[in-house]
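My notes follow the display.

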Amino acid sequence: MIFMNQNMATELGKRKLLSNKKKSDSIIKDIVENTILKNDCLLYDKDKKIQKSSISSLWIKENFFDFINYEATINEIRYGKSFFSNVNIFYLVDKLSYELETKFRRKLVLYLSLHDSDVDIRFHTLRTTENDWLDSNLDSYDNPIMCRK
């Protein structure tokens, strides 16, 4: 299910939701191919640095409080806002979530937020023992944000 705050609804209302699947599919392919499972965390590791590092579950909890905060911090993927000007955000969010969930056989929470000059994509595993990375009331955030669970 996709949730968004009023700021995202307003922003999307101004856009033509073009379906540039080629651009979206290249983003999706990059993220899915460069995401790994390590220490029960899904991690975007384009530079292959995380894969080679030794990070313990204890270190994650000491430095990030829980696995969700660690995943969401590591999985900060940014693109220039102009790059997204002709991308159907609904298609991107839905297909990216589906591809990651299929590849790793786990449910996840994916966030897409718009900022002044860029677009931020983050995701984490859905864990019933931990709180989501962001508050469920997305209207408490000033920037346009969308969440898919």
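I took two strands as paired if DSSP finds at least two bridges between them. The model is predicted.

**Strand 7.** I began with strand 7, residues 145-148. I checked its neighbours. Strand 1 (residues 2-4) runs antiparallel to strand 7, and three bridges join them. Here F3 stands opposite C147. Strand 5 (residues 108-114) also pairs with strand 7 in the antiparallel sense, over four bridges. In that pairing L112 faces M146. Next I asked which residues are buried on each side of strand 7. I145 and C147 are buried on one side, M146 and R148 on the other, so both faces are covered.

**R106.** I then moved to the loop between helix 6 (89-104) and strand 5, where R106 lies. Is R106 buried or exposed? Its relative accessible area is 18%; the cut-off for buried is under 20%, so R106 counts as buried. I listed what R106 touches beyond four places in sequence: L37, D40, L42, E101, T125 and R127. With T125 there is a side-chain polar contact of 3.3 Å.

**Rings.** I counted four aromatic pairs. W59 and F64 have ring centres 5.7 Å apart and planes at 65°, so I noted the pair as edge-to-face. W59 and Y70 are also edge-to-face, at 6.3 Å centre to centre and 90° between the planes. W59 sits in helix 4 (residues 57-64) and Y70 in helix 5 (residues 67-74), so this pair ties together parts eleven residues apart in sequence. W59 is partly exposed at 37% relative accessibility, whereas Y70 is buried at 2%. I logged W59, F64 and Y70 as a cluster linked by ring pairs.

Technical notes:
Residues are numbered from 1 along each chain as its sequence is written. This is a predicted model: local features need pLDDT of at least 70, side-chain atom pairs count only at pLDDT 80 or more; totals for chains, interfaces and linings use all residues. Side-chain values use heavy atoms; hydrogens and water are left out. Buried means under 20% relative accessible area, exposed over 50%, partly exposed in between (1.4 Å probe, protein chains only). Helices (H or I, at least four residues) and strands (E, at least two) are DSSP runs, numbered from the N terminus. A polar contact is a pair of N or O atoms within 3.5 Å; within protein, one must be able to donate a hydrogen and the other to accept it, and residues adjacent in sequence count only if both atoms are side-chain atoms. Contact means heavy atoms within 4.5 Å. Rings of Phe, Tyr and Trp (its six-membered ring) pair if their centres lie within 6.5 Å; planes under 30 degrees apart count as stacked, over 60 as edge-to-face and the rest as tilted.
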